[in-house]
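Student: Could you take me through how the features of a structure such as this one are read, giving the general idea before the particular case?

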Number of protein chains: 2
Amino acid sequence: MVDVAMVGAGQTKFGNHPFGLKGMWSEAIEKAIESVDNDFHPKSVDEAFIGSIAFGGSQLGNTAALLTEHSGMGGVSVRRVENACASSGFALRDAWMAIKSGQADVVVAGGIEKMNDLSASRKRYWLGVSGDTEWERLAGLTFPGTYALTARRYFHEFESTHDDLVHVSVKNHMHGFQNEVAHLRKEISFEKANSGFMVADPLTLYDCCPTSDGASAVILVADHLAHQYTDTPVWVKGSGAGSDYLALHDRPSITQLCATQAAAKRAYSAANISAGDVDLAEVHDCFTIAEVLATEDLGFAARGMGGKFARDGEGRRNEGSVTINASGGLKSKGHPLGATGTGQAVEIFKQLRNQVEPTRQIRDAEIGLTHNVGGSGATCAVHVFGRER
Amino acid sequence: MVDVAMVGAGQTKFGNHPFGLKGMWSEAIEKAIESVDNDFHPKSVDEAFIGSIAFGGSQLGNTAALLTEHSGMGGVSVRRVENACASSGFALRDAWMAIKSGQADVVVAGGIEKMNDLSASRKRYWLGVSGDTEWERLAGLTFPGTYALTARRYFHEFESTHDDLVHVSVKNHMHGFQNEVAHLRKEISFEKANSGFMVADPLTLYDCCPTSDGASAVILVADHLAHQYTDTPVWVKGSGAGSDYLALHDRPSITQLCATQAAAKRAYSAANISAGDVDLAEVHDCFTIAEVLATEDLGFAARGMGGKFARDGEGRRNEGSVTINASGGLKSKGHPLGATGTGQAVEIFKQLRNQVEPTRQIRDAEIGLTHNVGGSGATCAVHVFGRER
């Protein structure tokens, strides 16, 4: 079986981006190529998988081919992968399988979204349409509303209060403050995060991630090529994915994501590790409560103990048992929908190679994980990365 | 290396369909399951790839998970694959690689589109947006216009006239007339096809495929499972894909598709065959001229000889050197965008197993091929199928 090495990774800054889709994508690819230690030419790419929900709601079509044409990969076998906010997590999974299949040696996985050209109503549409439409969106339930329901239920079932969510927000802003590519680069105090503008009770502005523009891309190669490109590849040791009922009322519980649990189980099995082996994880904290659930569903905290995990600072950089969202996460680094999943992989690549800003470098990390969720949990992709093969 | 067997394949009738997306998809899956000789349960599916341009322009989101939930595959790792009109051709390719990767044993590839709920302007949008937007669509160039340019240029470069295209149309209607799942089931005479309503000179109504609703799905399994499900699997012997510049003016020639040529070369190489070995091919005849180009780009006719190939009846069922579009092709069977690619594979599956209507069965066919094009040729996926492994 072929092993898969990540030899390059790059992204635009997440935020309100001046460039259009082609410019953003080209920047992500250029940065990914620059990060490869030895010469790399985009013409050597055999397959490309580009995650996007709506290509930013743009009018462009056949956009996957358009983007590869504009980034030096003309002629490559390329397609768009769409899976709501997990689009590029699945692009990464499909790229990983393409190499393992023996049909491709050099593969690009990436993602892109441009949210800030959209009117407020179109932005609401493209966000809302990622969840259930028939029972939820058309009845008026927004994503903040969905996660507010989850938070309320979580507080009802377990020993947890909104204070625990504030700890998540403060931590992620502390992590993202020093990240040059983060959207919201500001530290916030517990008091400030605890007195935010109410969005959907109990979630305030400081519980919600921003909507960002951005693009991200990683370069994967088959094991026999890894050392042609770098002496320090990051190995994609495992990939797992799953899905769940789209509508909340069909799920056995709204305080856990079965899709995450299934994806994690499969990724750990493929990588032959357990949750306790993970040193740092980029998890899908579209809302602070989502990070609390993720710490449980990924096995970092026991069921019902995710609130305490946050309260105790277990996810803090170089302090806790496992660093959660060293990049700042969706909350501070930002959330350009289709670009988020491979953006998480960019952070893991740099952390495991000791290439992030020194002040935010995780020490002695061997194993990293990414966790990318679609919609309110209908789809999920989890990946495990290691410095050792 | 794992070999990939197709053990089931099914589709809705293509046409103006009364059901919504969930109903259409469930029908395609149900028919695919019914076609498996031994017991098959949708819960055994490990991965699913669903091709669609716009899920029929519907308001539903996270739709891949919604469709698998509604067809008994809840929990499966699933994503949408989008590549303009080649969406499910690439879904098939990615499903093939998923099995070859050793990460999945049972995989569904399918496609779906619902065009006839859309207003005329939305239909034009979702069709038009599959080609180049910046230089072509926004300047007023439609798809019939694109292919009319190609036809005019073809007649200028080679010994060919519109009569050759009429032969394509007559043949495909003759083939599709007896296909129970075809959209336009009517035979047409040369005279009738030659006097059609002009759409984009020189292309008449009889040169253009219809816009259809439809869904299609195939079930692929790893070699070690094939005989658990059937004694007569159809082997997916090779897959190839490629891309090209989106805008016509960037291509070296508009009378050939580089994406098809690259995809065919890769598919033939993977299957270890040459064009001369193919007994029947389902090619992407969105317009009659596209079939002429395809016969050349796939290697069935020499460059510039595709018109003569049609004129001489070389693609006729059981008469010519290779049967082209035994199903009726996009012209007669119909073209539900995202459902077309795996719909082609359904036809090959049934033909190679001698399971189509007796009057339209290809005799002694061993090797089949599918050819699915995105937009005006920016993306293409080619697959080779065989009765023998």
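Tutor: Two residues are in contact if their C-beta atoms, placed from the backbone, lie within 7 Å. This is a predicted model, in which local features need pLDDT of at least 70 and side-chain atom pairs count only at pLDDT 80 or more, while totals for chains, interfaces and linings use all residues. Residues are numbered from 1 along each chain as its sequence is written, and chains are lettered from A and ligands numbered from 1 in the order in which they are written.

Student: Which residues is A:Lys186 in contact with, leaving aside its neighbours within four places in sequence?

Tutor: With those neighbours left aside, A:Lys186 is in contact with A:His173 and A:Phe177.

Student: Is A:Lys186 buried or exposed?

Tutor: A residue is buried if 20 or more other C-beta atoms lie within 10 Å of its own, exposed if 12 or fewer, and partly exposed in between. A:Lys186 has 11 C-beta neighbours inside 10 Å and therefore counts as exposed. Helices (H or I, at least four residues) and strands (E, at least two) are DSSP runs, numbered from the N terminus, and A:Lys186 is placed in the loop between helix H6 (162-176) and helix H7 (190-193) of chain A.

Student: How are the two copies related?

Tutor: Two copies of a chain are related by a rotation about an axis and a shift along it. Here, with superposition by least squares on the C-alpha atoms of residues with pLDDT of at least 70 in both, chain B is superposed on chain A by a rotation of 180° with 0.0 Å of shift along its axis (RMSD 0.0 Å). The two copies are thus related as by a two-fold rotation axis. The residue of chain B that comes closest to the rotation axis is B:Ser101, at 1.8 Å (C-alpha).

Student: How many bridges join strand E3 of chain A to E3(B)?

Tutor: Two strands pair if DSSP finds at least two bridges between them; in this model 3 bridges join strand E3 (residues 77-82) of chain A to E3(B), and the two run antiparallel. In E3(B), B:Arg80 is the bridge partner of A:Glu82.
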